[in-house]
Amino acid sequence: MSSSFSYPELQYKKYDLPVESGTYFSSIALAVWDNIHGPKLLHVWTGQNPRALNDDRKLVTIANFTLNDEAGRDQEGIETKFYSLPKHGVIASAFVFSLEVVEGKQDIFSFILILPYHELSEYLARHAFCQDKAEKLLCNHFVSHLVKMSSEKALLIDKVDKVISECFRTPLMIFTELMSSIRAYAIPHPIDIKQTFLGDIPALERQSPNFLKKAITSHLQTGGYTVVLGQDSESVNRMILTLGLFLTPKEQKTSRLLSSPVLVAMEDGEGVNIIHLYHYEPGLYLQGYTSMDTNNSSLLPFTKNELEDNCMPSTIINMDKLEVWVFNINLANYIRERSERIRKFEEEKKGTRRSEYLSYNDKDLCNYEICAKQLDSSLVQVFLREVQLLPVNTPGVIESYTTQFIRLLNLKAFALVKYVEAELKLHCILSRTAAEQQASAMGDHSLQLAASSLPRMNTTLLMQNLSINTEGDLRVIVTKAERIRPMTCLDVLDPQEPAAKVLAEFDTF
């Protein structure tokens, strides 16, 4: 329920966030630059927590921070700003963008997420995730609808009110619920080893030999992006905690344990919608999901487009059938295709005017096949065998051993990066020398070095140098190396890019 509120030369509408979703942000504000009054608040949503920001002076001050230096703004797209304001006891993440809502006039908006200052470290770990979701929220449900009304004869505030009530309110509630659920069902730190399968490996192995090895191997091969399915919440969360040991603390904070599904009725301009909260969410590292039927691998509770929203392919673990699935796609091809989609989107967005913002489309429903991952990892196998020899009841022993195992994988990944870089430099030197000799023999010094393809690495020799035994191990190391040096180590297993282009990527680090 909204109510009008008057402040010196300012008037805005104020809402309360629902209890189900209003426990993360102190307040959310939408402001616009006014050529007479300066920054002007339009809408404010107040959170449902003890530290909810109800101080109107602070809200106006924060709006001033985000828009005061934006007069005459001529930048396209959405610009993200972050403010740490200890004197005001808050932090703020602002998303500034320009739109031609009234014909012939550019209006500058700021969408502001406000949190208590004491949550600074917690929020920073989730800032990139929150930024991605907030930008999609604005593009899909605010900007795209507002620009369609640019030709209508109405005041700016009336157009904004209409979009907020008809198109923006429900998606905003879903966004705030998402951020609240990530904190409410976060992976605890540190993880209690007794709550993981590493505390009782033989019990799981008796049910399905090598299942845990395959789950950990595939989890590492997909960069930590894993969805765990099952009817038993205890087993699902236990697997999430087990795999969470192989994530960094920052990655753990962008993961979510399985929670009970919640149905919430939300009203928008088209009536009452029943929203299924705590569902699968692209971009989270680890997350649990329960569905009515996880026995059919071709009918999963999410779409292919949603899974492909991650920067790495996703592992899917079915705790009911004790099976591990993953996309049947080459890692290099997956990342190339995704990078190409992002590049085209950014180019199109830069080439359009502010009144032609692109909307994200992640609603394409389709059935697809997920194939079983049969690759084994001797590194993971040895790790699990040695973990069983360690005392479970001694605090910190298995955790420290797991940390050392991750450190070993990272060292091998760094070694792979240097190996690939050295091979590329040698290949470019030899190719250049050969081209110069050819030009000299033909008497045509105008010949230039062609863009030679990256040579196929001798994987047998590479695996010997890295002290690994299986292709599964190599895929784990390649994935780790790709996280260290993006777009540089993909061609170890599937060379396609020109060597000079890949070598140039190294020079950017």
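Asn210 lies in the loop between H4 and H5, where the labels for helices (H or I, at least four residues) and strands (E, at least two) refer to DSSP runs numbered from the N terminus. Phi of Asn210 is near 70 degrees, a positive value in a residue other than glycine. Most residues other than glycine have a negative phi, and most peptide bonds are trans. Asn210 counts as partly exposed because its relative accessibility is 35%; in this scheme, buried means under 20% relative accessible area, exposed means over 50%, and partly exposed is what lies in between, with a 1.4 Å probe and protein chains only.

The model is predicted, so local features need pLDDT of at least 70 and side-chain atom pairs count only at pLDDT 80 or more, while totals for chains, interfaces and linings use all residues. Residues are numbered from 1 along each chain as its sequence is written, and side-chain values use heavy atoms, with hydrogens and water left out.

**The chain as a whole**

The protein chain has 14 helices and 14 strands, and buried residues make up 50% of its 509 residues. Among contacts (heavy atoms within 4.5 Å) between residues at least 6 apart in sequence, 71% join residues at least 24 apart.

**Helix H5 and its two partners**

Two packed helices are described by the angle between their axes and the distance between the axes. Here, axes are lines fitted to C-alpha atoms, for helices over the stretch in contact, and angles run from 0 to 180 degrees between N-to-C directions.

| Helix pair | Axes come within | Crossing angle |
|---|---|---|
| H5 (residues 211–221) and H10 (residues 378–387) | 9 Å | roughly 130 degrees |
| H5 and H6 (residues 233–244) | 10 Å | roughly 55 degrees |

The angle with H10 makes H5 oblique to H10, and H5 and H6 are likewise oblique to each other; angles under 35 degrees count as roughly parallel, over 145 as roughly antiparallel, 65 to 115 as roughly perpendicular, and the rest as oblique. H5 passes H10 in a right-handed crossing, and H5 also passes H6 in a right-handed crossing, a term that applies if the near helix is turned clockwise from the far one by less than a right angle.

On the H10 side, Leu212, Lys213, Ile216, Thr217 and Leu220 of H5 make contact with Val380, Gln381 and Leu384 of H10. By class, this contact of H5 with H10 has five nonpolar, two polar and one charged residues, where Ala, Val, Leu, Ile, Met, Phe, Trp, Tyr, Cys and Pro count as nonpolar, Asp, Glu, Lys and Arg as charged, and the others, Gly among them, as polar. Towards H6, Phe211, Leu212, Ala215, Ile216 and His219 of H5 meet Met239, Thr242 and Leu243, and the residues of this contact divide into six nonpolar, two polar and no charged.

**A hairpin and a cis peptide bond**

Strands E12 (residues 315–318) and E13 (residues 323–326) run antiparallel and are joined by four bridges; two strands pair if DSSP finds at least two bridges between them. Val324 in E13 is the bridge partner of Ile317. E12 and E13 form a hairpin with four residues between them, and Leu322 lies in the loop that connects these strands. Phi of Leu322 is near 55 degrees, again a positive value in a residue other than glycine, and Leu322 is buried, with a relative accessible area of 17%.

Finally, the peptide bond from His189 to Pro190 is cis, with omega near 0 degrees, and Pro190 is placed in the loop between helix H3 (156–184) and helix H4 (201–207).
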